[in-house]
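Trainee: I would like a close look at a single part of this model. Please take me through that part and then on to what surrounds it.

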Amino acid sequence: MSFLKITNPATGLLLAEVPADNVDSVAVKARAARAAQPAWAATPLSERRACIERFRALVMAQLEILATTLSSEVGKPITQSRNELNGLLMRIDFFLEHVEPSTALQTVFDDGGMTERIGHDPLGVVVNISAWNYPYFVGGNVFVPALLTGNAVLYKPSEYSTLTGLHIARLLRDAGVPEGVFTTVVGTGHVGAALLAQDIDALFFTGSAVTGGKIAATMGPRLVKLQLELGGKDPSYVCDDVDVKAAAESLADGAMYNTGQSCCSVERIYVHERIHDAFVDAFVNTVKAMRIGDPMVEGSYIGPITREPQLEVLAAQVADALAKGATLRTGGKRLARIGNWFEPTVFTDVHHGMDLMIDESFGPIIGIQKVSDDAEALRLMNDTRYGLTAGVYSRDQKRAAAILAKANAGSVYWNCCDRVSPRLPWSGHGDSGIGLTLSTYGIQTFTRPRAWHLRQP
Ligand code: NAD
């Protein structure tokens, strides 16, 4: 048997070694899921709901243990781990409230002896391959509605958030989800690849565009339902009519929260030339005041980079920006301490010839570019292969809406950023993915519509 080593990114110390799956054990788990799914689908919705309600209660009761594990394996500052878990509770509440109305049998026509109805059947066996940066959010967006709607779930947490994945499996089991209905598969990308070869009905993936592309290429000929939630290079534009300090503080948080490792982190900022210098001063002052430190210590705001290889990506973006004439306002290098630490970094005098403004950074680094008007801002915002979110800061809602309506993004923000709501669909364009989660659409996506044509004899 092989083991997966779990390392604390803040200290470099080994946290645990857990037994990993292999091609054979993945196949056994997939067969067990197939066998368990019909009985779960036949279980009344009220009982499936009761399981998820008990899961919610267990998450709440054990929140501190779960937050500590998350902070130690991912390096997320402890308050941000608690925030994620509290956010999960709110998402569960949304799914519990909306699953019945979203999936109830609906009569859409009834006349002259002819009735037409839409039903919602579970997809069957659903694979969920997940990212590490918000494991409770990106996992919960899939396994909670998938279980509520009668699917069996094969869940592969990222190799960087495996202990969290094992907590989720334990809590669902303790909540009464039957054996085989929710199964955790442990390992790296090889184990994820083994899942693709199983007899499954749908695959929901969250991760990088590179891995998403590989999965799409493999799954294409299988004609299995596929959803991909991928990366972003999310822009925000600051108009010349804003409260400069408030906009700078909001955007600094959007760029640096979770140490910049959010799919919807602000990754590029465009600022109207009239307020550019004042905005940059306020932004840099806010970033300099952010407390870098041990994720376990209350008040730490910037933690380590979760994956060590990402440090090289950040260093390369810094070198490329400097070589092409960008001005470094703060940060720019690894911190001289054990673990994967990188200084919060701000560049100005940037342009789209620099990697920093084109490729996902996924770290605490941001470029601020001066623009002369709204048209230039919009053109630059849309100059990307991604399309996850885009934002505009302005006092004028009409002005912002005119820009946001043309932004190539699944979510658009007026005077806010880095925000996800369970009530709204979460989706991306282009290299940010296909399909969606959250909202009532994100419940129905785990079902197959059945069209009933019923003629009275
Ligand atoms: P990743 O692509 O490296 O890994 C994601 C998952 O895929 C992991 O569980 C990994 O083990 C697995 N995997 C790797 N190779 C595989 C293969 N060949 N076949 C099957 N599975 C394989 O991404 P990551 O580092 O975990 O996550 C970071 C990325 O995720 C960023 O790009 C971020 O923007 C994106 N993300 C997107 C969203 C969203 O909602 N759009 C949310 C969170 C993260």
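**Helix H3 and beyond**

Mentor: Start with what helix H3 packs against. Its buried residues meet strand E1 (3–7), strand E2 (14–19), helix H2 (45–61), helix H4 (78–103), helix H5 (135–148) and helix H6 (162–174). Keep in mind that this is a predicted model. H3 covers residues 63–74, 12 residues in all. From its first C-alpha to its last, H3 reaches 16 Å, close to the 16 Å expected at 1.5 Å a residue. Of the 12 residues of H3, 9 are buried, so the helix is largely enclosed by the rest of the structure. Those buried residues are Leu-63, Leu-66, Ala-67, Thr-69, Leu-70, Ser-71, Ser-72, Glu-73 and Val-74. Just after H3 comes Gly-75, with a positive phi of about 85 degrees.

Gly-140 lies in H5. Gly-140 is buried, with a relative accessible area of 1%. Leaving out residues up to four places away in sequence, Gly-140 touches Leu-88, Phe-95, Pro-135 and Pro-145. Asn-128 is 12 residues from Gly-140 along the chain, and their C-alpha atoms are separated by 10.0 Å.

Next, the nonpolar cores. The largest one has 80 residues. Within this core, Phe-182, Val-238, Ile-269, Phe-279 and Phe-283 touch the most other members. Helix H4 gives the largest share of this core, 9 residues. Look at Phe-182. Setting aside neighbours within four places in sequence, Phe-182 is in contact with Phe-143, Leu-147, Val-153, Tyr-155, Ile-168, Ala-169, Leu-172 and Val-177. Another core, of 28 residues, lies apart from the largest one. Tyr-270, Ala-390, Ala-400 and Ala-407 are among its members.

Val-238 leads on to strand E10, residues 234–238. In E10, 5 of the 5 residues are buried, so this strand is largely enclosed by the rest of the structure. In a regular strand the side chains alternate between the two faces of the sheet. Here, Asp-234, Ser-236 and Val-238 point one way from E10, while Pro-235 and Tyr-237 point the other way.

E10 has a parallel pairing with strand E11 (residues 266–272), over 5 bridges. The bridge partner of Pro-235 in E11 is Arg-268. Between E10 and E11 the chain passes through helix H9 (residues 244–256), and this β-α-β crossover is right-handed. E10 also pairs with E15 in the parallel sense, over 3 bridges. There, Ser-236 stands opposite Gly-391.

Now place these strands in the sheet. The sheet is open, with 7 strands and mixed pairing. The strand order is E12-E13-E14-E11-E10-E15-E16. Strand E12 (327–330) and strand E16 (411–414) stand at the edges, each with a single partner strand, so one side of each is left without a neighbour in the sheet. From one strand to the next, the twist averages 20 degrees.

Strand E15 (residues 389–393) is joined to E16 by 4 bridges, and the two run parallel. Ala-390 has Val-412 as its bridge partner in E16. Ala-390 is also one of the members of the 28-residue core.

Conventions: Residues are numbered from 1 along each chain as its sequence is written. This is a predicted model: local features need pLDDT of at least 70, side-chain atom pairs count only at pLDDT 80 or more; totals for chains, interfaces and linings use all residues. Side-chain values use heavy atoms; hydrogens and water are left out. Two strands pair if DSSP finds at least two bridges between them. Axes are lines fitted to C-alpha atoms, for helices over the stretch in contact, and angles run from 0 to 180 degrees between N-to-C directions. The expected span of a helix is 1.5 Å times one less than its number of residues. Buried means under 20% relative accessible area, exposed over 50%, partly exposed in between (1.4 Å probe, protein chains only). Contact means heavy atoms within 4.5 Å. A crossover is right-handed if, with the strands pointing away from the viewer, the path from the first strand over the helix to the second runs clockwise. A nonpolar core is a set of buried Ala, Val, Leu, Ile, Met, Phe, Trp, Tyr and Cys residues joined through side-chain atoms within 4.5 Å.
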